[in-house]
Amino acid sequence: MPNVRFFSGETVPLEMHKVRVVQKLNLPPIEARLAAATEAGNNTFLLQNKDVFMDMLTDSGVNAMSDQQVAAMMVADDSYAGSATYTRLEAKLRDLFGMHWILPTHQGRACENILAQVLVTPGSIVPMNYHFTTTKAHIVLNGGSVEEIICEKGLQVTSSEPFKGDMDVAALERLVAEHGAEKIAFVRIEAGTNLIGGQPVSLANMAEVRAVCDRHGLTLVYDASLMADNLYFLKQREDACKDLSIREITRRIADLCDIIYFSARKLGCARGGAICIRDEQMYQKMRGLVPLYEGFLTYGGMSVREIEALTVGLEETMDEDMISQGPIFIEYMVNELDRRGIPVITPAGGLGCHIDVMRFLDHVPQAQYSAGALASALYIVSGIRGMERGTLSEQRNPDGTEPLANMELVRLALPRRVFTLSQVKYAIDRIDWLYQNRALVGGLKFVEEPEILRFFYGRLAPVSDWQEKLVAKFKADFGDSL
Ligand SMILES: *Cc1c(COP(=O)(O)O)cnc(C)c1O
């Protein structure tokens with residue numbers, strides 16, 4: 001997707017696809033949005049999709065498919081064992097990653113279950129650039145622990161660093177020296193770090209990590225769920241990749257790894273997942289778990305239609321026009337917000353746009369769930385559903401005290417090829433209005449707080465009548481406009 005300069009001087013991202021199947025959207029009036037927010041306990045996970053205009057909750061399983069993907073779904077070979085559909089997926093993964101041994105799963109966390117059961121032992125350690133929620137849960141469930149060794153620049157909210165997802169290689173060496181290589185279950189690199197703004201990992205950093213793994217006989221595992229965005233950033237930002245095709249960059253990455261796994265809800269714009277393994281013995285150890293948890297070895301819990309769509313989607317990931325769409329729209333949105341002085345994570349990454357709520361709502365205490373409050377306020381003023389990533393997503397300490405998160409973020413995901421530029425402009429405009437009126441936004445308090453995963457099911461209420469005041473100001477400024 002190119003950025004094209006208009007005659008007017010404005011530079012605008014230009015879609016390299018046309019829309020041929022559409023879903024009707026609904027933008028309810030603001031009073032109805034306030035009612036829906038109240039009904040959902042001010043928790044965007046509990047909103048009904050019919051009340052949502054732009055669903056920016058996640059990029060998982062909601063990316064647009066191409067005509068070629070949909071066509072492939074019509075010719076799937078439905079059989080329990082030995083399906084030709086699965087053979088096509090296996091051949092595509094071998095072709096792209098150069099790894100022979102493939103295991104299919106129903107989604108990304110299912111790969112993590114298998115990896116953790118086979119590789120993690122009680123007391124073992126898994127060093128990684130940054131954790132993902134389900135990854136960490138599976139490692140901990142199997143008695144291991146996670147050591148995050150993200151590079152120093154990775155956690156700076158605003159920056160111009162191109163590769164904030166890089167691992168601190170010296171810290172990896174220190175971990176090996178301190179605990180011994182035999183304590184290290186595996187080393188994990190996550191492409192396009194999900195929880196810290198979709199920031200990419202450089203090829204140079206991966207090569208350094210590989211060298212450490214070689215010195216100490218460690219297994220290197222690559223979580224490729226967000227690899228499409230990462231590939232685009234490598235092509236754009238790393239000199240060594242400028243003259244390589246996306247396919248060549250893919251192979252350079254794969255050649256550094258022992259195991260690659262991914263969620264096909266993101267990579268390949270379908271639903272499902274897979275583990276690709278270089279070593280046959282390793283494959284043998286993992287294989288037995290697939291029929292137990294997923295399904296037979298030639299479908300792994302996926303429908304054959306999804307497998308066909310995934311095979312085509314993986315090939316389409318080699319097209320720079322296709323993988324650049326998400327990052328370029330996100331860059332447009334981040335830069336436009338930044339230009340208006342609205343606090344966002346910079347530089348723009350993959351996955352979505354992240355609002356820095358500590359600065360956006362600096363008058364709302366973290367203990368009143370400022371990021372949750374902003375997600376609720378944004379839904380009320382725009383019909384846009386984002387996701388809270390802050391204190392609300394943490395778990396209470398056993399003594400009942402509240403651990404405050406390092407960052408309070410509202411994540412606005414941009415599912416790939418789903419939104420148009422005018423919708424993105426609408427989002428920018430309503431966030432801008434909310435920022436100008438941020439003093440009106442107050443905090444939230446729990447009215448129902450589940451003990452586990454409270455961010456999924458918890459219900460909250462505003463600490464004052466701030467939501468009614470926000471609605472009144474919106475109506476004063478916009479009149480009857482939605
Ligand atoms: C989404 C995701 C997963 C988990 O995948 P699911 O398909 O949701 O189970 C794992 N790792 C990363 C980096 C992800 O983004």
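Guide: Contact here means heavy atoms within 4.5 Å. The model is a predicted one.

Visitor: Against which elements do the buried residues of H6 pack?
Guide: Helix H6 spans residues 169–179, and its buried residues are Val169, Ala171, Leu172, Leu175 and Val176. Seen down the axis of H6, these residues fall within an arc of 160 degrees, so they line one face of the helix. The buried residues of H6 pack against strand S5 (125–128), strand S6 (145–148), strand S7 (187–190) and helix H7 (203–216).

Visitor: At the start of H6, the backbone nitrogen of which residue is reached by a side-chain oxygen of Asp168?
Guide: The cut-off for a polar contact is 3.5 Å between N or O atoms. The side-chain oxygen of Asp168 comes to within 3.2 Å of the backbone nitrogen of Ala170.

Visitor: What is the phi of Gly180, the residue that follows H6?
Guide: Gly180 comes after H6. The phi of Gly180 is positive, near 85 degrees.

Visitor: Is Lys266 buried or exposed?
Guide: An unreviewed UniProt entry places the feature "modified residue: N6-(pyridoxal phosphate)lysine" at Lys266. Lys266 lies in the loop between strand S9 (259–263) and strand S10 (273–277). The threshold for buried is under 20% relative accessible area. Because the relative accessibility of Lys266 is 12%, Lys266 counts as buried.

Visitor: With which residues is Lys266 in contact, leaving aside its neighbours within four places in sequence?
Guide: With those neighbours set aside, the contacts of Lys266 are Asp59, Ser60, Asn63, Asn194, Ser225, Leu226 and Arg416.

Visitor: How many residues of S9 are buried?
Guide: In a regular strand the side chains alternate between the two faces of the sheet. Ile259, Tyr261 and Ser263 point one way from S9, while Ile260 and Phe262 point the other way, and all are buried. S9 is therefore largely enclosed by the rest of the structure, the buried residues being 5 of the 5.

Technical notes:
Residues are numbered from 1 along each chain as its sequence is written. This is a predicted model: local features need pLDDT of at least 70, side-chain atom pairs count only at pLDDT 80 or more; totals for chains, interfaces and linings use all residues. Side-chain values use heavy atoms; hydrogens and water are left out. Buried means under 20% relative accessible area, exposed over 50%, partly exposed in between (1.4 Å probe, protein chains only). Helices (H or I, at least four residues) and strands (E, at least two) are DSSP runs, numbered from the N terminus. The arc is that of the directions from the helix axis to the C-beta atoms. A polar contact is a pair of N or O atoms within 3.5 Å; within protein, one must be able to donate a hydrogen and the other to accept it, and residues adjacent in sequence count only if both atoms are side-chain atoms. UniProt positions are given in the numbering used here, feature names are shortened, and annotations may be inferred rather than shown by experiment.
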